[in-house]
Amino acid sequence: MQAGRRNVSQSGFEIRVAESIPDLKNNRNLAWSSGKVISSASVHVKYGGKALEPTKNYYWQVRVWDEMGKLSDWSAPAFWQTGLMDPANWKAKWIAAGSVPDSAAGPSPLFRREFSAAKKVSSATLYITSHGLYEAFINGKKAGDGLLTPGFTSYNKRLQYQAYDVSALVQRGNNVIGAMLGSGWYRGPLAWAGNKNIYGNSLALLAQLEIRYADGSRETIVSDGQWKTAAGAIRSSEIYNGETWDGRKLQQGWTNAGFSDHDWEAVFIRDYPYNNIVPTENELIKKHEIFKPVRIFKTPQGDQVIDFGQNLVGWVDITASGKSGDEIRISHAEVLDKTGNFYTANLRAAKQQDVYILSGPGEEHFEPHFTFQGFRYIKVEGYPGEIKPENFTAVALYSDMPETGNFSSSNPLINQLQHNIQWGQKGNFLDVPTDCPQRDERLGWTGDAQAFSRTASYNMGVRNFFAKWLKDLSADQFSDGGVPFVIPNVLGPGAGSSAGWADVATIIPWNIYLAYGDTSILSQQYASMKAWVNYMRDHSRNDLWNTGFHFGDWLSYRSPDDEEKSAITDKYLIAQCFYAHSTQLLTDAANVLGLKEDETNYKQLLERIKSAYLKEYVTPAGRIVSNTQTAYVLALEFDMLPESMRTLAADRLVENIKSYADHLTTGFLGTPYLCEVLSRFGHTDEAYRLLLQDTYPSWLYPVKMGATTIWERWDGEKPDSSFEDPGMNSFNHYAYGAIGDFMYRVVAGLDTDPSSPGYKKIIIKPHPGGDFSNVNADLNTYYGLVSSHWKIMGNQFELDVDIPANTSADIYLPAPNEAGYRELEIGSGKYHFTCSLK
């Protein structure tokens with residue numbers, strides 16, 4: 001909530017929980033009554049009542065005492081519903097298609113069962129999962145609005161199920177429950193070299209419908225031998241290659257009662273496990289923004305192309321009228337080439353093509369079901385009639401995370417950069433944090449995710465998204481503590497444990513803890529964090545980690561004509577820095593969790609790691625072996641150098657930047673920290689020069705080239721409009737968007753105090769400069785809206801802040817005559833500050 005007056009805080013709370021609203025309001029038969037708890041805690045309060053039972057609703061209320069002892073009213077009742085909770089509570093059987101062709105490239109099977117509900121229905125919940133992807137229907141209507149369910153996990157270890165409230169769909173009398181399946185990530189091609197059937201080679205369905213009748217009785221409808229199966233209109237469907245829909249094969253009305261399924265086949269019962277089935281804890285993929293064509297045109301090569309104006313991830317809804325057998329092909333691309341032609345070479349082996357075969361006659365509507373594409377442009381082939389904008393709509397798909405943060409300024413190029421960062425996140429946060437959404441990859445690359453995680457937590461509520469993904473990391477972590485390159489690990493046992501990639505095991509848990517103040521993420525991941533640090537320790541010699549394969553500072557600057565100007569940082573130097581960083585984060589986590597023995601042991605290890613680094617990579621005069629921006633950035637960010645050497649190292653970093661005419665040369669591992677390090681060591685002006693640089697390599701160069709997302713390479717498109725190597729040239733790759741963290745935390749100055757994370761204690765420390773006349777940042781935290789808005793009027797600096805109830809803030813006002821800043825401590829409320837910049 002927002003504070004209506006200043007300095008509002010909580011002094012106590014009381015929570016009560018019951019199994020019905022009447023019991024709750026009458027304070028009887030309570031499952032839990034906390035009583036009055038003297039505490040300021042208003043988030044992350046754990047349930048402390050009697051053991052919860054499966055498939056039940058629990059209703060709860062809270063009331064609080066403010067700082068003056070005034071008691072609030074009880075909140076409006078809210079509720080949660082428990083899931084099945086135990087594998088033994090699954091009564092359903094795994095079912096699979098019979099003689100319907102069952103291969104990764106084959107048609108999608110349909111499943112259906114008719115049943116009768118003899119009484120008035122009070123409520124109904126569908127619990128469902130699958131091997132492969134599913135869409136479920138009851139009486140002709142889709143269950144829920146989630147897409148690409150059950151999501152992407154390490155299926156053999158963690159297969160999610162979903163629960164849908166289908167009370168409005170189940171009716172008294174005859175009903176039909178149905179589902180269709182697609183190969184998806186479960187068995188479709190992933191990565192390269194014909195890598196498919198990774199988790200299994202057959203699709204299967206598990207469904208359990210729990211019905212409560214008005215008289216209090218219950219009935220359960222399950223997947224079993226009473227179901228029937230047939231092939232449907234989806235003739236093939238793959239993540240990379242797209243989907244083919246043949247309207248002539250549509251089983252019209254198959255999800256409704258009265259449909260004749262006499263020629264459908266019996267299902268097979270499969271003996272698949274239940275002990276790997278887990279509830280869904282993150283937001284499902286859903287439809288979001290829609291885009292209409294901004295331009296319809298013919299390319300020089302004669303292709304009919306539609307431009308939607310935004311590089312997005314999702315699909316295109318189309319409407320068409322034609323005759324039976326007419327075939328429409330929709331191909332997808334991110335960019336046009338320098339001559340204006342449709343360009344797909346950077347997709348590598350991915351077709352990214354949807355095919356629709358009309359049943360005719362009359363108007364037909366098409367959209368894919370079990371695939372997604374990354375695109376701004378589509379090429380339309382075989383469309384019957386004139387291509388009109390009203391018949392084509394691009395739909396953005398991404399995990400349904402709440403949008404929490406926004407950044408804007410007086411600089412339109414920086415505002416477009418923020419837009420590109422946000423759309424890079426939307427396009428790559430489809431149940432897992434993918435590297436890219438368009439080519440034959442789309443995998444949960446760990447290095448990209450860790451680099452961007454702090455920025456991600458500003459733009460969107462990513463706590464659940466990452467908590468789920470980190471559980472898959474723990475599940476797929478190698479027995480020696482090594483971490484795969486991608487999560488879920490579809491690349492096999494030999495692909496992992498690169499510095500800066502595998503450190504995702506420590507970096508993201510810590511960043512999520514900072515952003516949300518949730519110690520449970522540290523508890524959940526602590527064993528994984530520790531195993532990763534122990535892996536590095538076990539593969540080190542004399543505390544120096546200089547073994548194994550490492551990606552290094554991926555895609556850092558390479559000079560086209562002078563190899564000596566290329567910014568190549570020693571990979572083992574980088575490894576040693578991340579070894580130290582992960583050990584520091586593990587030490588910090590041990591401190592938060594009260595694990596004192598571990599904290600002591602890993603502090604001692606950290607000292608030895610830094611000593612080994614100094615001995616191997618730093619001269620007595622403080623010069624680092626690799627004279628690159630990344631080498632100095634990591635040394636300073638991770639406190640690898642004694643304090644006496646740090647100022648000189650920062651000066652050398654600036655010298656290096658100057659030698660490239662105020663351009664960055666960092667890759668995936670150095671870029672996230674570059675501007676922050678400069679500002680921390682008194683070089684904010686240089687950080688702003690880098691941020692505002694608009695020629696290659698820079699953040700604003702792609703913006704000036706017309707980008708609407710973040711590129712994989714600094715020069716994905718060259719100044720002459722030619723492209724980089726198509727073998728690795730994504731135009732939607734969020735890693736370099738990690739600069740967003742600097743924009744929020746340093747430019748706008750909106751941060752959390754690490755000693756009181758999750759914005760319980762807020763830091764507002766803006767850094768005027770860079771010719772910005774105004775900067776606005778807003779963040780919806782668990783406590784409410786935090787805002788830092790500043791502007792410059794002549795020599796006057798004005799700052800407006802919002803601090804939510806039950807939090808406090810340290811405000812730093814620019815004060816050139818007082819060592820840079822004047823510090824104020826405030827409570828909740830709205831404030832306006834002014835000061836002179838002279």
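The legends below describe several close-up views of a predicted model.

**View A. The second largest pocket and its lining.** The second largest pocket of this predicted model has a volume of about 1,100 Å³, and 37 residues line this pocket, with R454, E637, E676, R745 and D751 lying nearest its centre. The elements that each contribute two or more residues to this lining are the helices α4 (446-459), α6 (504-516), α8 (571-592), α12 (674-680) and α15 (739-747), together with strand β34 (750-752). By residue class, the lining of the second largest pocket divides into 15 nonpolar, eleven polar and eleven charged residues.

View B. Helix α10, which spans residues 629-637, is mostly covered, since nine of its nine residues are buried.

**View C. The largest cavity.** A search of the whole structure finds two cavities of 30 Å³ or more, and the largest cavity holds about 70 Å³ of space. Its lining is made up of L417, N420, W699, P702, V703, T709, I710, W711, R713, W714 and Y736, and the elements that give two or more residues to this lining are α3 (412-428) and α14 (700-704). Sorted by class, the residues around the largest cavity comprise eight nonpolar, two polar and one charged.

**View D. The second largest cavity.** About 30 Å³ of space lies in the second largest cavity, which is lined by Y134, E135, A136, K142, A143, G146, T149 and Y164. Strand β9 (residues 133-138) provides the largest share of this lining, with three residues. The lining of the second largest cavity divides into four nonpolar, two polar and two charged residues.

**View E. Two buried serines in loops.** S154 lies in the loop between β10 (141-142) and β11 (159-165), and its relative accessible area of 4% falls under the 20% limit, so S154 counts as buried. The side chains of S154 and D476 are joined by a polar contact of 2.7 Å; when neighbours within four places in sequence are left aside, S154 is in contact with Y199, D472, D476 and P488. S828 is found in the loop between β40 (820-826) and β41 (829-836) and counts as buried because its relative accessibility is 0%. A polar atom of the S828 side chain lies 2.7 Å from the backbone nitrogen of V8.

View F. L595 is found in the loop between α8 and α9 (596-617), and with a relative accessible area of 32% L595 is partly exposed, a value between the limits of 20% for buried and 50% for exposed. Not counting residues up to four places away in sequence, L595 touches Y526 and A590. By contrast, L595 and F452 stand 29 Å apart in space, C-alpha to C-alpha, and are 143 residues apart in sequence.

**View G. Two buried cysteines.** C436 is buried, with a relative accessible area of 0%, and C835, at 14% relative accessibility, also counts as buried. A search of the whole structure finds zero disulfides.

Terms used: Residues numbered from 1 in each chain as written. Predicted model: local features only at pLDDT ≥ 70, side-chain atom pairs only at ≥ 80, totals over all residues. Heavy atoms only, no water. 1 Å grid on protein atoms, 1.4 Å probe; cavity = no way out; pocket = protein on both sides within 12 Å on 5 of 7 lines; lining within 4 Å. Points joined across faces, edges and corners; volume = space filled by probe spheres on them. Helix = DSSP H or I, 4+ residues; strand = E, 2+ residues; numbered from the N terminus. Nonpolar A, V, L, I, M, F, W, Y, C, P; charged D, E, K, R; others polar. Buried < 20%, exposed > 50% of the residue type's maximum accessible area, 1.4 Å probe, protein only. Polar contact = N/O pair within 3.5 Å; in protein donor to acceptor, adjacent residues only side chain to side chain. Contact = heavy atoms within 4.5 Å. Disulfide = S-S within 2.5 Å.
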